[in-house]
Amino acid sequence: MSREQGAPRGDANRGGEMGERREVDGRVLGPVSLVVAGGGIVSGTGKVAALFALLATSDRRRATVGEIKHFVWPEESVPDNRVSVCLRALREELPGRVDRIRSGVCAIDLPRGSLDYLRFGDGVKQAKRQRGRERFRRLNAAMDEWPHGEALQGLAGSGFGVRRSELRAEWRRAVLLRLEAAHSVEEEEWLIRETGELSRRFPRDQQILRFLLLARASMLSARARGDLVKEWKEKFGQPNDPLLIKTIETLRRTGRRTGPHPSAHLIPRQLPPIDRGLIGREDQLAELQGIVLRQHANSRATLIALTGMPGVGKSTLARHLAQLVEHRFPDGVLCADMRGVAGGATGAPADPEQLLDRFLADLGVRTKSSGLEGKSAALRSVLATRSVLMVLDDVADMDQVLPLLPGAGTCTVILTSRGSLSDLRARKEVCMRRIDLLDSQAATEILNDKIASVDRPRTASLVAELVELCGRLPLALVVIAKRIEGRPPDGIRALVAQLGEDRRKLDTLHLSMHDLSVRLALDCSVRALSPEARCLLWQLAIHPGPGISWSATMDLGRVGAGGDVDRAAEELVEANLVQLMFGRYVLHDLVRAYARHPADFQDGPSRMLEDATVRQFLEHQLQNVRACDRVIDKQRVLPIGEAGGVAVIDPRSEEEAMAYLDSEYEAAMRGIELAQRKNLTRYIWLLPMALVTYQWRRNRHAAAERILEDAVGAAREGGSPGDRAMVHRMLAGSQMRRGAVDVPVRHLEQAVRLSEQEGGAVGRLSLARSLHMRAIVLRRQGNLAAAEDDYRRARDMFRALRDGVGEAAALNGLGTLHHDHRRYSDALRECAEALRIFETTADVNGKANVLVTLGKIHLSRSETGEALIVYRRAIRIYRELGYWPNEASTLRCYAGVLLTTGDAPEAVKALERAAELLEVMGDEGLRDVLDQLGNLR
């Protein structure tokens, strides 16, 4: 790609810390620029620069195609392939770091140190982990990356306007954080200077006014401070920021900020020491801290509930949050281990009435109240007049926690629970937060913290494997971090091997001397389940993943423990052992590893139940995939039989069938792998056969070839000669679509022999189809005479069998051969007859194939207009069918014809659509199409 007009050469090192040379130097905090060492420069406000800026400032450096259109082409309506072309231009500047469009999403991979925005964000996150002067120092270093708060300069459109506002808000939060840090360490001179400058730039900002007042509290008289506030009010009206209002009132009373007043009552400080750092939760921590402080400043009670799966770090986050805000609660901190789920291992869950007794005593309160309700009312009365922070860890359910909650007042409760606490969610004053897995960067940081800096380059790939094997679960990562400390790379490699073995995984993640164990954490949650939910969890673990639909889950329950399967699934979701995502139940890998080897299933019953579960899942997959295949390919008959004991969908259109297979494809492929491991021949060959047409339409030819190679062997046990011939044909078709020529012929010769063994009408139909496909491959080999013989034999057999679809396909094949021999009139006659027959059938794909052949014939006869007409008809059909490879190849032919007529704009549109399809399919032909587009522009 040529560099954008006006792009300055610049220095690839500019902005690097201490002269560090970077391979990539990206800038979005100000004017946009991208400098690649030894390569080109992108800068300014062009489309490529705008795309880079969008991706660089988006969450996880990812953006959808729709977002890209909105940002990069704000005033235009552009097709998806314009995005592909722009993305390709950026990829040329950043080779290996810009992904192709996948599932409608684009992504860019930038090293953390290569982008000013990421360096700024990382610096702020690191500062948040520090206290006192070190926090202030690190914030100063981070703000050096973004001193003035400007970003994305010159990029037009409402999208970038909103993004600039979001970035300015992020910059402002960092500014206020630094002001708070400076105030806490009494950097008065710096604070006076900084707030003076900021108040000139942002005179309306109430938080900046607040710090201006705090900075000058000791040097201004009470009257001078009052005049300053009065002047501000005259310009901007009454302040409404609770922290500013409280600061004004405090300074009016005392002249300076004061600490809490001494109190006659007891002040408990029960927050335990934090034995674990907090990595990857800085943004959540800052958000929750802001909620607590705002509510407290506004004299409102706060309830924060942190939920999530076992080991995800809820308790650690709660303790860090409590530590950050405890200074705002002058009447103390109350803490309790509720033993909600863990009670199964250490005794019964904590009794709320006993906790009420303890809390009242800790607060120095004597009460004559008795019973749960009376003591709960007494605690609420006390807390209504005090400001107390309460931390309740591992809550079981609403019944356990409700008696302990304060009513009116300024108290804050932080609670954690492995359950989702859905009943609590209905209360509008509750701030519910599900704590999810760490991102890969934070997970890597936890492990790298235990590895010497000089060893990190050698261990980077091992650490990446460990992160994935731990499933980015904080508890697992902490265990592994302790185990890798001081180990050489060979020792780390051994841990990778241990974690890779399903049965050793949980042993590797167990450290009894440190009270750290993924198995024990999961034990506690699973023991609290009903028998039906435990059985369903085990069955879901047998399912190969990545997710299982609701209907498949219900089918599994039919061979499980019985009971209400839907309620058991809800119980697993409520316990955060299973997550419901996009209508599918998903297990974390470590939960799956745990549930596959439960201690309370004896060998005999578990083997029987496992076998029944596997077969039930595979039967569900087979019947539903076949239901879709019947709609997509109405000609193929598979010996599957009727569904018994499983729910089967009824797709009403090819589009609906393809959409279902899009969602189930990964699960179906894993099901085939499961069938291979269990040696279940029925599914090893029938499931690939039911899936193959979908795979051809989605350009998944390599995957089809791989599973059909195993299907050939399995069909020997479970299929008739005609069935086995069909498997050979589908395997040959997959190989042919990948470009192979010789190998498919061998499979087709085998298909011919097997078809002849079958006999009867079924055998003759199988033979005709085998001859037809062999003719296609022979023609590609250049053996035109043999191909013509097979086409004619197939045509005659189809005609005798009154198979119109087969006869029309064979006629189309003869038409291609006549075209090869330049017998264009004969070719036109054969294809016209084929088209007439296809018009009487439901096979629109075959009709499109004939139209493509007709297009080639018309071109050879210099009938350009006719060629364009039939190509357009074929393209429309392929698009409706979702047959991506055929649509892409026909679009390229169509574009070629358009160029001969001088219609370059329409040719560009066709090539852009082809590029979009090739991008999605990952097809090697994409580069040729993009090069052609580049030459046309």
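User: Which strands does helix α12 lie across, and at about what angle does it run to β9?

Analyst: In this predicted model, helix α12, which covers residues 314-325, lies across β6, β8 (389-393) and β9 (412-417). Angles are taken between N-to-C directions and run from 0 to 180 degrees, and helix α12 runs at about 165 degrees to β9.

User: In what order do the strands of the sheet stand, and is the pairing parallel or antiparallel?

Analyst: The open sheet is formed by five strands in the order β7-β8-β9-β6-β10, and their pairing is parallel. Because β7 (333-337) and β10 (430-434) each have a single partner strand, they stand at the edges, and one side of each is left without a neighbour in the sheet. From one strand to the next, the twist averages 10 degrees.

User: How many bridges join β6 to β10?

Analyst: Strand β6, residues 302-307, is joined to β10 by five bridges, and the two run parallel; leucine 303, for instance, has valine 430 in β10 as its bridge partner.

User: Which residues of the largest nonpolar core touch the most other members?

Analyst: As a general idea, nonpolar side chains in soluble globular proteins tend to be buried together. Here the largest nonpolar core has 174 residues, and Leu447, Leu466, Leu537 and Leu691 touch the most other members. Helix α30 (residues 681-697) supplies the largest share of this core, 11 residues. Leaving aside neighbours within four places in sequence, leucine 537 is in contact with residues including Val526, Leu572, Val591 and Ala595. Another core, of 66 residues, lies apart from the largest one, and among its members are Val24, Leu176, Leu191 and Ile208.

Terms used. Residues numbered from 1 in each chain as written. Predicted model: local features only at pLDDT ≥ 70, side-chain atom pairs only at ≥ 80, totals over all residues. Heavy atoms only, no water. Pairing = 2+ DSSP bridges. Helix = DSSP H or I, 4+ residues; strand = E, 2+ residues; numbered from the N terminus. Contact = heavy atoms within 4.5 Å. Core = buried A, V, L, I, M, F, W, Y, C linked by side-chain atoms within 4.5 Å. Buried < 20%, exposed > 50% of the residue type's maximum accessible area, 1.4 Å probe, protein only.
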